[in-house]
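Take a moment with the sequence and the model below. Then follow the tour, one region at a time.

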Amino acid sequence: MIDATANGSVSPDEPGLPEGAPSEPETPPDAEQRPDIDEIAGRYAAVRDRVAQACDACGRSKDDVAILLAAKFQEPERVVAALGGGARRLGHNYVQQLEASEEWLSRTGAPPHRAHVIGHVQANKAAKALQHAQCIETVDSVKLARRLDRLQAERVASGAATAPFDIMLQVNSSGAPSQFGLEPEALIDVAGQITELTNLRIAGLMIIGAHTPSAREVAASFARARVLGEELRAAGVASATELSMGMTADMEIAIAEGSTQVRVGTAVFGPRPSY
Ligand SMILES: *Cc1c(COP(=O)(O)O)cnc(C)c1O
């Protein structure tokens, strides 16, 4: 999982250096480095322009690439500022923050939007995730899918929901050992088992790009994901049309490789607060 310290910044929680060692040159971002709240709408517009230019550059329509705001650790006021700038998709890594954010937003009458889960879902958080999100992008096991399916069946039976719940399958297409995400070789088999769960709908794949400064390796991991999506549809999962891939640092590469949704935090909100 990508945590708050992605993009090479130093975690304040990391095991400290020995007493007396020279301090790290890179200090964690603090509140002073974050943009003012009244800059956020403009920064969102700038990301929209970046996406449009990237689409232009590879002959795609800008309407084919959605922007999901990665809202982890952002105060609800800052999320509202982004919604005010036109954002309509929010992504949460933590179900607890998803719940708090959605409750706050509905209490304060924020514009309509979709909420996606983009972090690992623990079994005991699955019900809350279904309650507050419209898509879970991080399904990476049949076991989790079965649990979500069972819980969604209960929601449908009780009238709390009317349709299958949208999920994406998280694939580890970077080739690096990763704690989360299906191995590409397992995708077709796992997806086949999940398509039998009638209360879930596989909307596509979610990928975290290779964590490397090599643009070529990043592009290769995204291209692999695109091919996997094609193979999945060829295997009969026609609904799997989305490719959630690309973040602040690599969204242009992801768009060139077929992303249908980039997940952007830093470009809009600045460095994440260090708590
Ligand atoms: C934080 C996060 C993002 C956004 O990353 P930025 O580099 O801040 O744009 C995207 N996807 C996931 C899964 C994340 O955790």
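**A helix with a hidden face**

Start with helix α6, which spans residues 187-195. Its buried residues are Leu187, Val190, Ala191 and Ile194. Look down the axis of α6: these buried residues fall within an arc of 100°, so they line one face of the helix. An α-helix has 3.6 residues a turn, so residues three or four places apart point the same way.

What covers the buried residues of α6? The cover includes the strands β4 (135-139), β5 (165-171) and β6 (200-207). It also includes the helices α5 (142-158) and α7 (215-234).

Keep in mind that this is a predicted model. Now step back to the whole chain. The protein chain has nine helices and eight strands. It counts 275 residues, and buried residues make up 48% of them. The accessible surface of the protein chain comes to about 13,200 Å². Carbon and sulfur atoms hold 51% of that surface.

Strand β4 is part of the cover of α6. Cysteine 135 sits in this strand. Is cysteine 135 buried or exposed? Its relative accessibility is 1%, so cysteine 135 counts as buried. One list runs Arg114, Ala115, His116 and Val117. The other runs Phe165, Asp166, Ile167 and Met168. Along the chain, arginine 114 and cysteine 135 are 21 residues apart. Their C-alpha atoms are separated by 8.1 Å.

Next, move to the loop between α6 and β6, where asparagine 199 is found. Asparagine 199 has a relative accessibility of 17%, so this residue also counts as buried. Which residues is asparagine 199 in contact with, leaving aside its neighbours within four places in sequence? They are Asp149, Gln152, Ala153, Val156, Pro164 and Phe165.

**The aromatic pair**

The structure holds one aromatic pair. Phenylalanine 73 and tyrosine 94 form it. The ring centres are 5.8 Å apart, and the planes make an angle of 40°, which gives a tilted pair. Where do the partners sit? Phenylalanine 73 lies in the loop between β1 (66-70) and α2 (76-84). Tyrosine 94 lies in the loop between β2 (89-92) and α3 (95-107). The pair therefore ties together parts that are 21 residues apart in sequence.

The two partners fall into separate classes of accessibility. Phenylalanine 73 is buried, with a relative accessible area of 15%. Tyrosine 94 is partly exposed, with a relative accessible area of 27%. The cut-off for buried is under 20%.

Phenylalanine 73 has another feature. Its phi is near 70°, a positive value in a residue other than glycine. Most residues other than glycine have a negative phi.

**Around the ligand**

How many residues surround the ligand? There are 14, and the closest are Lys72, Asn93, Thr248, Gly265 and Thr266. For asparagine 93, the distance from a side-chain N or O atom to a ligand oxygen is 2.7 Å. For threonine 248, a polar side-chain atom lies 2.5 Å from a ligand oxygen. For threonine 266, the distance is 2.6 Å. On its own, the ligand has 390 Å² of accessible area, and the protein covers 99% of this.

Glycine 85 lies in the loop between α2 and β2. At 14% relative accessibility, glycine 85 counts as buried. Beyond neighbours within four places in sequence, glycine 85 is in contact with Ala41, Tyr44 and Arg48. Glutamate 39 is 46 residues away in sequence, with 9.7 Å between its C-alpha and that of glycine 85.

Finish in the loop between α8 (251-256) and β8 (261-264), where threonine 260 is found. Threonine 260 is buried, with a relative accessible area of 15%. Its side chain makes a polar contact of 2.7 Å with the side chain of glutamate 242. Leaving aside neighbours within four places in sequence, the contacts of threonine 260 include Arg60, Asp64, Val65 and Ala66. Thr241, Glu242 and Leu243 are also in contact with threonine 260.

Definitions and conventions:
Residues are numbered from 1 along each chain as its sequence is written. This is a predicted model: local features need pLDDT of at least 70, side-chain atom pairs count only at pLDDT 80 or more; totals for chains, interfaces and linings use all residues. Side-chain values use heavy atoms; hydrogens and water are left out. Rings of Phe, Tyr and Trp (its six-membered ring) pair if their centres lie within 6.5 Å; planes under 30 degrees apart count as stacked, over 60 as edge-to-face and the rest as tilted. Helices (H or I, at least four residues) and strands (E, at least two) are DSSP runs, numbered from the N terminus. Buried means under 20% relative accessible area, exposed over 50%, partly exposed in between (1.4 Å probe, protein chains only). The arc is that of the directions from the helix axis to the C-beta atoms. Contact means heavy atoms within 4.5 Å. A residue is near a molecule or strand if one of its heavy atoms lies within 4 Å of it. A polar contact is a pair of N or O atoms within 3.5 Å; within protein, one must be able to donate a hydrogen and the other to accept it, and residues adjacent in sequence count only if both atoms are side-chain atoms. Accessible areas come from the Shrake-Rupley method with a 1.4 Å probe; for residues, only the protein chains shown count as cover.
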